[in-house]
Amino acid sequence: MINLNGEFVWWLGVVEDVQDPEKLGRARVRIHGYHSANQEDIPTSSLPWAHPIFPVTSASSSGVGTTVPGFLPGTQVFGFFLDGKEPMPQQAMIMGTVPGVNAQENIKEEGLNDPYDNFPRDAYLGKPDTNILAYGSPEDGTPAFNKIPVEEVPTGDGETWNEHTRDFPSKYPFNKLYESLSGHLIEIDDSTPPEDIVGPFRGNGRIHIYHNSGSFIEIHPNGEMVIKSTGGGYKVTMGDDNMYVQGNLNITTDGNATFNAKNYIFKGEKATFQLSDDFQVNCKNFNAQPTENINMVAGADAQMGGTSKANLVGGGGNIRLQGGMVELNPPG
């Protein structure tokens with residue numbers, strides 16, 4: 001019986017099952033003081049389903065808002081019974097999760113533990129449930145630990161550049177983050193450099209969205225942005241696309257660069273092509289109209305001609321043919 005006018009009975013328990021057949025976000029919870037830790041006395045399948053309470057920022061209606069809770073087997077949760085002080089209350093409500101310190105390894109054969117033996121993770125034994133990245137640098141067992149920056153990327157002018165990495169570790173409690181079960185990560189990091197930690201809060205902090213494949217987007221405190229894909233990359237724009245670079249633009253590829261467009265317009269001061277192999281142009285008409293000189297010097301033979309006519313036109317100036325031997329209409 002639901003007795004909303006009676007005294008609430010508060011409880012603390014451990015989640016053992018989140019596979020809610022009704023898909024309402026419920027969990028089977030073994031509650032301290034009500035359920036024995038002995039799995040033979042009360043197996044997980046006999047525990048009642050506890051219903052979660054979502055915050056007012058979530059609509060919890062027709063798929064709008066947060067509809068899947070974050071607790072997992074082994075999570076400590078806090079709540080109350082709707083059926084008050086019944087001898088064995090069954091209608092539990094989950095109000096929130098309770099972090100702690102993982103002082104020992106999980107014992108899946110005992111109640112009040114994770115029956116699947118996934119938690120606590122090895123990296124968190126002897127440490128609080130607070131994400132390690134909230135108060136320090138990535139370490140083995142945390143997302144982003146294996147991020148390897150690209151370095152010494154060559155540019156077309158003989159220079160190199162390195163991928164920007166974080167300058168200092170996060171500081172508790174300024175890094176608010178979310179880590180998913182498979183290792184996806186979102187960080188909103190307001191941590192400041194060590195010399196700024198005392199006194200008025202300042203600094204732009206860092207924003208980091210990380211996929212467990214290693215792909216990520218990271219905005220550094222100085223506003224620099226790193227976008228990295230460990231697989232392929234696709235960008236589709238159905239309308240116009242505009243890019244403005246106030247400084248230099250370097251594009252480097254270890255493979256081929258292919259451009260396909262209806263028309264090309266290049267505008268600038270100078271253009272330099274440095275090639276170790278052929279330079280080929282296939283087009284309908286080829287027109288070059290420099291405002292000053294044309295200089296063409298070949299390291300071997302130079303040929304200019306046409307299948308119809310080949311005309312050398314000097315305009316109002318002179319035409320000069322100069323060499324060790326000049327042949328006009330030679331035989332053969």
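**A walk from core to cavity**

Start by selecting Val9, Trp11, Val15, Ala27, Val29, Ile31, Ala50, Phe71, Val77, Phe81, Ala92 and Ile94: these twelve residues make up the largest nonpolar core. A nonpolar core here is a set of buried Ala, Val, Leu, Ile, Met, Phe, Trp, Tyr and Cys residues joined through side-chain atoms within 4.5 Å. Buried means under 20% relative accessible area, exposed over 50%, and partly exposed in between (1.4 Å probe, protein chains only).

Before moving on, keep in mind that this is a predicted model, where local features need pLDDT of at least 70, side-chain atom pairs count only at pLDDT 80 or more, and totals for chains, interfaces and linings use all residues. Residues are numbered from 1 along each chain as its sequence is written, and side-chain values use heavy atoms, with hydrogens and water left out.

Now colour strands S1 (9-17), S2 (27-31), S4 (76-81) and S5 (92-97), the elements that each give two or more residues to this core. (Strands are DSSP runs of E, at least two residues, numbered from the N terminus.) Click on Val77 next: leaving aside neighbours within four places in sequence, its contacts (heavy atoms within 4.5 Å) include Trp11, Val29, Phe71 and Ile94.

Another core, of six residues, lies apart from the largest one; Leu133, Ala144, Tyr210 and Phe216 are among them.

Tyr210 takes us to strand S10 (residues 206-210).

Look to either side of S10. Strand S9 (residues 185-189) runs antiparallel to S10, joined by five bridges (strands pair if DSSP finds at least two bridges between them), and Glu187 stands opposite His208. Strand S11 (residues 216-219) is also antiparallel to S10, with four bridges, and there Phe216 is the bridge partner of Tyr210. In the hairpin of S10 and S11, find Gly214, which has a positive phi near 105°.

Carry on to strand S8 (residues 175-179), which pairs with S9 in the antiparallel sense over five bridges. Asn175 sits opposite Asp189 in S9.

Last stop: select Arg166, Asp167, Phe168, Asp189, Ser191, Gly205, Arg206, His220 and Pro221, which line the largest cavity. (On a 1 Å grid over the protein atoms alone, a cavity is a set of points where a 1.4 Å probe fits but cannot get out; lining residues have an atom within 4 Å of a point.)

Definitions and conventions. 1 Å grid on protein atoms, 1.4 Å probe; cavity = no way out; pocket = protein on both sides within 12 Å on 5 of 7 lines; lining within 4 Å.
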